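Trainee: I have this one open now. Can we go through it piece by piece?
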2 protein chains.
Amino acid sequence: MRELTFSHDDIQTMEKRFRTRLVNSISGFKSANLIGTRDEQGQENLAIVSSVVHLGSHPPLLGFIVRPCKTPRHTLQNIIETKSFTVNSVNDKIFQKAHQTSARYSKSISEFNEVGLTPYYDGNCPAPFVLESSLKIALTLKERIDIKSNDTVMLIGEVNTIHVPRMAIMHDGFLDLDALGTVTISGLDSYHRTKRINRLSYAKPDKSVFPLTTDGEPSSWAAVNPVPE
Amino acid sequence: MRELTFSHDDIQTMEKRFRTRLVNSISGFKSANLIGTRDEQGQENLAIVSSVVHLGSHPPLLGFIVRPCKTPRHTLQNIIETKSFTVNSVNDKIFQKAHQTSARYSKSISEFNEVGLTPYYDGNCPAPFVLESSLKIALTLKERIDIKSNDTVMLIGEVNTIHVPRMAIMHDGFLDLDALGTVTISGLDSYHRTKRINRLSYAKPDKSVFPLTTDGEPSSWAAVNPVPE
């Protein structure tokens, strides 16, 4: 395979859109999620985001990046205002509608209506979930970080509630995202299905990792809530 | 599909490892990269990281999360010391070796040797690349952010150099990660192959998105560097 090298100068001087697509591709595959919010007047907003990242499990924290000068600026405003937002996984049945939310709609327009997704309220979270999303998470704003290097913002939320289909929860807590049809994003605009190769054992210095053939030790939760065969 | 709800209390009180696996799963698919570093004495270190995220294209910035109390703490030390690191994509030929780097080796041990991957130097970047990785990126430390919510650290690097196979670069700058065998991670330990469904058009408020049938307008770079048929 012939290899090409882009130097710092090449990247600085290349055509702008070419650079944007290239640099958006190099980090690897990204999560595909819809962020649901509402402003204080009840106006709903929905935005696809590919930067949601796991920050920690205890407390359970997710973060994502917002570019204040671009969409999803309404998302940022609403979260600052209400401290509440939802993260909803994108699956292979709704990825086109999800992508459509990245258009620059004015603030008075609900992306739910425009793209044909259904707002859903669980009675606890003030922000709307996406009914068509199988994995729905309610979060409370915990921290806002201003990234000086490029004037972006990282918002960090603590997970309050997780709604997920029973069949996707493995004995040991792992979620089978393949089974939910969850997609992954590469670059700015490419959507991918996934297929599990293997889960691997916990790595130890004195032993090679090996593929897990079961989904681990049944946990206390699974013992109380056995998965039906 | 029967849906389950985990409340804030459920998450707080569930068995620790079950919670870790569950919360690690909910953000969706993650990038799979190996971070290569060296300390000032030349001791090499290699660590798999699933939190590399795109922060911006101009300047070209990537970020990732480090838990200072855990592996990859040597990665953090080395980057603070030398300001230099590499990000190397994990593919389906090396994912077991990549996963093995997450074992807690002592600082005097090179994970390259232990897992059987080859350090590669390009003559410019002081940090080692992974020879077996098809997509190799050299970065300089740009910003360190301490995340108060859970005492983790986000390191932000500016991209200096990108090494990538010619065949993976589409006319418009998009990289075909499927073609490189790049894997994606879910949860703590699950590795997945990917298959592109579609690239989608740039979303506009007055028009529905549609699948791209070509890889976009040839850019100025592609005009000068035509892709061989």
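Mentor: A term to start with: a residue is partly exposed if its relative accessible area falls between the buried range, under 20%, and the exposed range, over 50%. B:Lys83, at 41%, is therefore partly exposed. Keep in mind that this is a predicted model.

Trainee: Where is B:Lys83 in chain B?
Mentor: B:Lys83 belongs to the loop between helix H3 (73-82) and strand E7 (84-89) of chain B. Its phi is positive, about 65 degrees, although B:Lys83 is not a glycine.

Trainee: And what is phi at B:Asp151?
Mentor: Near 55 degrees, again positive in a residue other than glycine. B:Asp151 sits in the loop between strand E10 (136-147) and strand E11 (152-165) of chain B.

Trainee: Is B:Asp151 buried or exposed?
Mentor: Exposed, because its relative accessible area is 63%.

Trainee: Switching to the contact between the chains. How many residues does it take from chain A and from chain B?
Mentor: Chain B gives 114 residues and chain A gives 114 residues. The area buried between them is about 10000 Å², with 61% of it from carbon and sulfur atoms.

Trainee: Which residues of chain B lose the most area to chain A?
Mentor: B:Ile26, B:Phe29 and B:Ile197, together 8% of what that side buries.

Trainee: What polar contact does the side chain of A:Glu158 make?
Mentor: Its partner is the side chain of B:His8, at 3.2 Å. A:Glu158 lies in strand E11 (residues 152-165) of chain A and counts as buried because its relative accessibility is 12%. Beyond its neighbours within four places in sequence, A:Glu158 is in contact with several residues, including A:Pro59, A:Lys142 and B:Gln12.

Trainee: What about the peptide bond from A:His58 to A:Pro59?
Mentor: That bond is cis, with omega near 5 degrees. A:Pro59 is in the loop between strand E5 (53-57) and strand E6 (60-66) of chain A. In chain B, a cis peptide bond joins B:His58 and B:Pro59, with omega about 5 degrees.

Trainee: Aromatics next. How many aromatic pairs over all chains?
Mentor: Six. One of them is B:Tyr120 with B:Phe129, tilted, at 6.1 Å centre to centre and 50 degrees between the planes. B:Phe129 counts as buried because its relative accessibility is 0%, while B:Tyr120, at 28%, counts as partly exposed.

Trainee: What lies over the face of B:Tyr120?
Mentor: B:Lys136, at 5.8 Å from the ring centre. In chain A, the charged end of A:Lys136 sits over the ring of A:Tyr120, 5.8 Å from its centre.

Key. Residues numbered from 1 in each chain as written. Chains lettered and ligands numbered in written order. Predicted model: local features only at pLDDT ≥ 70, side-chain atom pairs only at ≥ 80, totals over all residues. Heavy atoms only, no water. Phe/Tyr/Trp six-rings, centres within 6.5 Å; stacked < 30°, edge-to-face > 60°. Buried < 20%, exposed > 50% of the residue type's maximum accessible area, 1.4 Å probe, protein only. Lys NZ or Arg CZ within 6 Å of the ring centre and 35° of its normal. Helix = DSSP H or I, 4+ residues; strand = E, 2+ residues; numbered from the N terminus. Polar contact = N/O pair within 3.5 Å; in protein donor to acceptor, adjacent residues only side chain to side chain. Contact = heavy atoms within 4.5 Å. Buried area = accessible area lost by both parts, 1.4 Å probe.
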